[in-house]
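Take a walk through this protein with the model open beside you.

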Amino acid sequence: MCGIFGIVTEKEQRLGPILVEAARRLTYRGYDSVGAATLSGGRIDLRKDVGRVDEVAEKHRLAEMTGQRGITQLRWATFGEPSQVNAQPHLDSDGDLVGAHNGNVVNNVELRQEFMAEGMTVRSHNDGESCVHAVERYIDRGHDFIEAIRRAYGDLQGDYAYVIGRIHDDKLYAIKKGSGLVIGIGEGFTCVSSDLPSILPLTRTIVRVQDGEIITLWADRVELRSVVDGRLIERQPEAVTETMEAVQKGGYPHFMLKEIHEQPQAAREVLHMLAGSSEVETVLERMRTARQVYFIGCGTSYHACLAGAVYFAQLAGRAAIPVLAPQFIPQYLPAVGPQDVGLFVSQSGETKDVLNALQAAGDRGMACYGLANVIGSTLTKATASWLPLCCGYEISVPATKTFTNQVMAFLILAMRLGGRDVKALEAIPELMERTLEETARQVEAIVPWLNAWNDLYCLGYGATYPMALEGALKLKEITYAHCEGMLSTEFKHGPLSAVTKGYPVLFAAGPEDVPLIVSGINEVTCRGGRAIAIGPEDARLRANASDMITIPQASAMASSLLTVLPLQLLSYHLSVARGYDPDFPRNLSKTLTVD
Ligand code: M6R
């Protein structure tokens, strides 16, 4: 997810430090490239590159940049690979306009062709450049800036926000269509940004921009106009009183809850990114002819590997071996070679256990690919090719949105490998939204009595087995209760002896596995235990379980993924009920760089 920031001041000054700090405060969104442009005295200074904010700032001496206006952008690649030319901001053909965007211009490819056919200079593959040329096109036809932005709006399809400026001018202009945009008003300056964290250190007086609004920023005032008819819009500024921490949590009490609710949008992003990606085709091509396919990860990422193996078998008829990274070495390493493929899965891309397995597999010639969230991490550099999880930063230690996007990525891979239409997955983000909405109350209702227990099980079968393991990991990670995840059919082979009156056992139920789950439920309830079923509404589950948490009706594959959402919510609420901080559980760290 990209981030943009623009500032207009009264006179030329050193804007570099402000731009670098604004960029730093947008890094939580995830990015691969950084750029800045300043405008003043008939000149545009543009500096940009691939890398971390501090690296690019040092290499290109961003802090030294001066100007009366400035723009900075963090780019997270969608159109065009991460490279200096694709980094933002972008210039127009003759270099007197400069702009940067956040979002996706979905008709970027067609627009680039039109611009080139019209004789414009198109330097990159990035859709941010298309925003600049779309405005240039109408300025060159004699329209004023606002009219040019209004006309460009008709040409640019998708959700985006951009900020743009011109050499011989003293203003910046911006527009919002679907992506976040906020204005800041300070003493002697105004600014605009994708999000508040980059504005609040400068001013606490803000104006929230709505979709379809064009903004003009002068140093001492701002003006909002409707893109539809150009009319002026009156909006009073408001004062932000929350702390920076509260703002960063987006109004949620904890990062974990915020990240749980970001899952539908993150799922949309990963679908957009991987559904037609040629990188995915490269990985699949290798898997098609491989002797053996391994999915390798730790903790939550390993659970996604387990789900991936079920999807590969069911949707593509391809066997894959999910394996915990440290166990890969004793159990499989002596048997692997160049005919085999490994997909190494890690949110951080820095987990030592995963990197050890990757190193060992690479030494034996195995084809190694990555699935990671953190761009620029060791995993992304050490693999032949890697696929992004597109989640932005995940701050809370318990993984939530990165898990569901790992599962989404596996679903996309399996569908594409099986020659199926990935469009079938497009319903999932909305189903996730409904699941979060519809299960919130049901989950909260069981927290008070469940809180009395410090020992429980979480069971699943088939595609819900990995979800049960993941739910159990979340529960033990942040509630400090002992919660074991298990295949439901294994429960009778020993753990059943733990069941006493009221003993809690959670069941994640897929629509196709109800009869088997009902058997498991009865083994628990007939011994006085309390069985909580999580699944789509089903008379058999309702009649047999002690409690039921209902998720929306969906296909078997989507349904399995949905069962994990109430389990995340349950662990979150139990953790809070116990007075713990779910974001930072004791003894744990987000990135484990030790053996
Ligand atoms: O960054 P990784 O995905 O490689 O991390 C692996 C595990 O340490 C991680 O998934 C851990 O289990 C989570 N904190 C669980 O919520």
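The protein exposes about 22100 Å² of surface, and carbon and sulfur atoms supply 49% of it. Such accessible areas come from the Shrake-Rupley method with a 1.4 Å probe, and for residues only the protein chains shown count as cover. This is a predicted model, in which local features need pLDDT of at least 70, side-chain atom pairs count only at pLDDT 80 or more, and totals for chains, interfaces and linings use all residues. Residues are numbered from 1 along each chain as its sequence is written, and side-chain values use heavy atoms, with hydrogens and water left out.

Along the principal axes, the C-alpha atoms fill a box of roughly 80 × 55 × 40 Å. The protein has 20 helices and 25 strands. Helices (H or I, at least four residues) and strands (E, at least two) are DSSP runs, numbered from the N terminus. The radius of gyration is 26 Å, close to the 25 Å that the globule rule gives for 595 residues, so the protein is as compact as a globular protein of that length. That radius is taken over C-alpha atoms, and the globule rule is 2.2 Å times the number of residues to the power 0.38.

How much of the protein is buried? Buried residues make up 60% of the 595 residues. Here buried means under 20% relative accessible area, exposed means over 50%, and partly exposed lies in between (1.4 Å probe, protein chains only). Contacts (heavy atoms within 4.5 Å) also reach along the chain. Of those with a separation of 6 or more, 71% are between residues 24 or more positions apart.

Next come the sheets. Strands of a sheet pair through backbone hydrogen bonds, either parallel or antiparallel. Two strands count as paired if DSSP finds at least two bridges between them. Look for Ser 33: its bridge partner in β4 is Arg 75.

Strand β8 (residues 172–177) is worth a stop. Five of its six residues are buried, so β8 is largely enclosed by the rest of the structure. Which strands pair with β8? Five bridges join β7 (residues 158–166) to β8, running antiparallel. The two form a hairpin with five residues between them, and Ala 161 stands opposite Lys 176 in β8. Five bridges also join β8 to β12 (residues 213–217), again antiparallel. There, Ala 174 has Ile 215 in β12 as its bridge partner.

Now the rings. Rings of Phe, Tyr and Trp (its six-membered ring) pair if their centres lie within 6.5 Å; planes under 30 degrees apart count as stacked, over 60 as edge-to-face and the rest as tilted. By this rule the count comes to 12 aromatic pairs. One of them is Phe 295 with Phe 410, a tilted pair with 4.7 Å from centre to centre and 50° between the planes. Phe 295 lies in strand β16 (residues 293–297) and Phe 410 in helix α14 (residues 401–417), so the pair ties together parts that are 115 residues apart in sequence. Phe 295 is buried at 0% relative accessibility. Phe 410 is buried too, with a relative accessible area of 0%.

The rings of Tyr 457 and Tyr 503 have centres 6.3 Å apart and planes at 45°, so this pair is tilted. Tyr 457 is in strand β21 (residues 455–460), while Tyr 503 is in the loop between β22 (482–487) and β23 (504–508), 46 residues apart. Both are buried. Ring pairs link Trp 453, Tyr 457, Phe 491 and Tyr 503 into a cluster.

Charges meet rings as well. A charge sits over a ring if NZ of Lys or CZ of Arg is within 6 Å of the ring centre and within 35 degrees of the ring normal. The charged end of Arg 530 sits over the ring of Trp 449, 3.7 Å from its centre. For Lys 177 over Tyr 153, the distance is 5.9 Å.

Finish with Leu 475, in helix α16 (residues 465–479). Leu 475 is buried, at 1% relative accessibility. Beyond residues up to four places away in sequence, Leu 475 touches several others, including Leu 456, Leu 506 and Leu 574.
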